[in-house]
Amino acid sequence: MRSVATLVALLLAAAITEPAALDSIEPGAGAWTTWVIGPARALRLPPPPPATDSAAELAELRALTGARSSAALEAVAYWDVGPPSYRWNELAVSELLRRNAYSNVAGRELALLHVALHDATVVAWDSKHAYMRPRPTAVAPGIATAVGVPRSPSYPDERAVAAGAAATVLGALSPERAAFFAARSEEAARSRLLAGVSYPSDVSAGLALGRAVAARVLEHRRADGFAVPWPGVVPHEAGKWRGSDPILPQAGTWLPWTLASPGELRPPPPPAPGSARMATELEELRSVVRTPKRDADALFWEHAAGGRRGYHFWNDVVSRTLLEQRLDDNAPRAARAYAVAHVAFHDVGVACWEAKFAYWAIRPGQLDPRIQPLFATPNHPSYPSGHSCFSSAMATVLARLFPGSAAAVEALAREASESRVWAGIHFRSDVDAGRALGHAVGRRVLEHARIDADGG
């Protein structure tokens, strides 16, 4: 006759191996379109450990959760804020601000980060729903959790996946900081064990999976042209932009994610100096009435939400909207929103800079010294307006991702564009072309991401 201990062990093993009924978040996300890796099943993990190993892992979890310190609880709370992509996005933005990165450079790095996070999350969801491993608390209710139990299968742990992917990308982009990101990655992964919501094997598999996906994304974009010096020269022609050392002219040669070439959507030429249309646009700028409100708005879009910090403003809009939409526990949808937004930001930056340095359009104050800008004119050609390009692309994708916010984000994008006229640094044709290009790139990115085909 079997002993009581043997019967208990058999019952525990049965409970561990039996898939539990689960109202899972985004059960079909493992079939979503990826940016780099192709079908997620191609990177599906091997099965999770057998029941006997899971029993040993439960014992480890009981020991960890039973001896949590205040510092451990702080780490658990820190890494549990928002969806898995959120905390790594904040760390990346902090690094970019520390380096005073220009928006085009930041757009490239954030696109790499969020494509890796997106594809890693999709692959994780494929493995989760292939194996349907119950969370530790489903088979051992006595484990005291420190956060809410995620509504998804346990294997692999999604926050460990994000940690592995993000630390790999950020370490590659800033090699001198690779050890820092690796340490944060291990801390993020361990927090899931201290929280009591994942098995050790969920966490280790998640880290490995995230790193593998990120490595593929980095290799895929290794020849994106970022490191290639600009081969051009500033023209010395009447009616063209005048200056030296323009800001990032090479950014218009970088490889886009969704366009066939940087110039695929290039707008038509700007009005020629001396033309009737240019005369009309000059008169509009001379007639601008500067009010305290207009000046304040123009200064806001230049110094707080534009130039080197434009990416920061729109990135914050994405994060805030995700939290407002209660997508904290929806890792796939949050990862997709971040990826779509930042690919759009990157690609419109490439397309905008390609057009700027194809036309070398003169700035208003260079053409007519009577036009006095509100602040120093950015050191690159006028057409099309960068603010209009970036803001309109972001408004286009965010309006599709979050229809309830469509009017608000479009109003922001329109104000960003108009502020450049109020400040006297752009012609009307600059902002119109920038808005048209931004909307076109945004639509292209949405088509590429196949959001409708993948389930809204």
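**Helix packing and core of the predicted chain**

H114 is located in helix α5, which spans residues 103–131, where helices (H or I, at least four residues) and strands (E, at least two) are DSSP runs numbered from the N terminus. Because its relative accessibility is 0%, H114 counts as buried, the classes being buried at under 20% relative accessible area, exposed at over 50% and partly exposed in between, with a 1.4 Å probe and protein chains only. When neighbours within four places in sequence are left aside, H114 is in contact with S85, N89, A335, Y338, A339 and H342, contact meaning heavy atoms within 4.5 Å.

The model is a predicted one, in which local features need pLDDT of at least 70 and side-chain atom pairs count only at pLDDT 80 or more, whereas totals for chains, interfaces and linings use all residues. Residues are numbered from 1 along each chain as its sequence is written, and side-chain values use heavy atoms, with hydrogens and water left out.

The chain contains 17 helices and zero strands, and its C-alpha atoms fill a box of roughly 100 × 40 × 40 Å along the principal axes. Of its 456 residues, 56% count as buried. Among the contacts in the chain with a separation of 6 or more, 85% are accounted for by residues 24 or more positions apart.

The largest nonpolar core holds 116 residues, of which W35, W88 and V340 touch the most other members; such a core is a set of buried Ala, Val, Leu, Ile, Met, Phe, Trp, Tyr and Cys residues joined through side-chain atoms within 4.5 Å. Helix α13 (residues 331–359) supplies the largest share of this core, with 16 residues. Another core, of eight residues, lies apart from it and includes L285, V288, I371 and F427. For W35, the contacts beyond neighbours within four places in sequence are V115, H118, D119, W257, T258, A339, V340, V343, V445, H448 and A449.

Two packed helices are described by the angle between their axes and the distance between the axes. Here the axes are lines fitted to C-alpha atoms, for helices over the stretch in contact, and angles run from 0 to 180 degrees between N-to-C directions. The axes of helix α4 (residues 84–98) and helix α12 (residues 310–324) come within 11 Å and cross at roughly 165°. The two helices α4 and α12 are therefore roughly antiparallel to each other, given that angles under 35 degrees count as roughly parallel, over 145 as roughly antiparallel, 65 to 115 as roughly perpendicular and the rest as oblique. Their contact is made by Y86, N89, E90, V93, L96 and L97 of α4 together with Y311, H312, N315, S319 and L323 of α12. By class, this contact of α4 with α12 has six nonpolar, four polar and one charged residues, where Ala, Val, Leu, Ile, Met, Phe, Trp, Tyr, Cys and Pro count as nonpolar, Asp, Glu, Lys and Arg as charged, and the others, Gly among them, as polar.

Helix α4 also packs with helix α8 (residues 178–195), at an angle of about 160° and with the axes 13 Å apart, and α4 and α8 are therefore roughly antiparallel to each other. W88, L91 and E95 of α4 meet F180, F181, R184, S185 and A188 of α8 in this contact, whose residues divide into five nonpolar, one polar and two charged.

R222, placed in the loop between α9 (200–220) and α10 (276–286), is exposed, with a relative accessible area of 61%.
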